Amino acid sequence: MSSLAPEPHVVEDCRGVLQLMSDGTVRRSAEPAALFPVDVPDDDDCGVEWKDVTWDLEHDLNARLYRPRHLGAANDARIPVVAYFHGGGFCIGSARWPNFHAWCLRLCSELPAVVLSFDYRLAPEHRLPAAQEDGARAMTWLRSSSAEPWLADAADFARVFVAGDSAGGNIAHHVAAGLGKSGLAPAVRIRGSLLLAPAFAGEARTRAELECPRDAFLTTEKWDRYARLSLPEGATRDDPVISPAGPRAPGLEAVEMAPVLVVAGGRDMLRDRNAQYARRMKEEWGKEVEYVEIAGVDHGFFQTDPWSERADELVRIVRRFVVEHMDSE
């Protein structure tokens with residue numbers, strides 16, 4: 001009989017980008033570009049300049065900062081700030097991925113806004129609530145960096161919007177709820193949250209989860225896999241870290257929050273969760289919430305094709321919300 005240990009095999013696979021092996025090790029792809037073959041325009045074409053910084057040296061976490069090229073110290077009309085958190089089921093993704101980069105270019109150019117796109121610790125190496133904790137710390141870094149000339153020349157830190165897609169939308173909720181309107185005052189004022197198909201879950205299946213098409217970009221099976229890999233050991237999908245409006249979620253009646261925009265796709269298996277979240281926030285907890293459902297689109301439609309007509313529609317929705325609320329009290 002051979003005394004050699006069996007070769008480790010794949011236990012969980014997330015789009016080929018992340019693999020959890022039978023011996024507990026994690027393998028990550030160094031080149032995820034094939035997952036999102038997105039055309040990224042030249043900086044001159046979109047009128048945006050950007051740079052990468054390390055915002056957390058201890059965990060080697062980076063951020064990509066964007067500002068419109070035509071704004072500078074000579075322009076007195078500074079523009080809003082969007083603190084953005086990327087999606088990826090809490091397990092994969094980076095601000096440097098081409099799809100997230102292309103989307104942030106659009107937000108910067110077309111809102112317009114100064115955009116700070118933050119990386120955060122990923123599961124399963126760092127299970128929740130690590131990502132939400134990093135989101136809160138990223139906002140503290142934002143406040144401490146508000147006087148940095150590259151940002152301060154264009155950014156109005158009294159008009160900050162916390163934003164994210166999918167897992168990043170979940171992070172944006174926790175950041176906004178944790179900080180409230182004035183959690184970063186006086187240097188920073190949060191004017192609203194932009195939750196784009198936020199990743200919420202629950203033990204009881206919704207109709208959208210049960211009827212999710214097998215060819216969907218995010219299927220119920222895939223979302224369950226992300227939840228298994230990201231939830232704290234022993235936790236269920238009703239845990240408030242992933243179900244902030246679920247049966248075990250603490251009430252937010254006493255938290256003063258800025259207005260919230262929730263956008264869901266009409267073909268997204270998360271749409272019922274998004275609608276439930278918006279209803280509870282508004283009807284039970286008294287928050288100002290706008291819920292928009294875009295018919296016929298899948299989860300992450302603006303990431304898989306950031307230059308599509310439906311992505312154009314989303315940009316218009318986000319821009320209107322930002323304009324309406326950037327000076328609200």
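**Cores and a buried aspartate**

Biologist: Is D56 buried or exposed, and why does it count that way?

Modeller: This is a predicted model, where local features need pLDDT of at least 70, side-chain atom pairs count only at pLDDT 80 or more, and totals for chains, interfaces and linings use all residues. Residues are numbered from 1 along each chain as its sequence is written, and side-chain values use heavy atoms, leaving out hydrogens and water. Buried means under 20% relative accessible area, exposed over 50%, partly exposed in between (1.4 Å probe, protein chains only). D56 has 6% relative accessibility, so D56 counts as buried.

Biologist: Which side chain makes a polar contact with the side chain of D56?

Modeller: A polar contact is a pair of N or O atoms within 3.5 Å; within protein, one must be able to donate a hydrogen and the other to accept it, and residues adjacent in sequence count only if both atoms are side-chain atoms. For D56 the distance is 2.7 Å, and the partner is the side chain of R137.

Biologist: How many residues does the largest nonpolar core have?

Modeller: A nonpolar core is a set of buried Ala, Val, Leu, Ile, Met, Phe, Trp, Tyr and Cys residues joined through side-chain atoms within 4.5 Å. L116, F118, M139 and W223 have the most contacts inside the largest one, and its residues number 73.

Biologist: Which helix gives the most to this core?

Modeller: Helices (H or I, at least four residues) are DSSP runs, numbered from the N terminus. The top contributor spans residues 167-179 and gives six residues: helix α5.

Biologist: How many residues are in the other core, apart from this one?

Modeller: L111, F302, A311 and L314 are among its members. The count is 32 residues.

Notes
Helix = DSSP H or I, 4+ residues; strand = E, 2+ residues; numbered from the N terminus.
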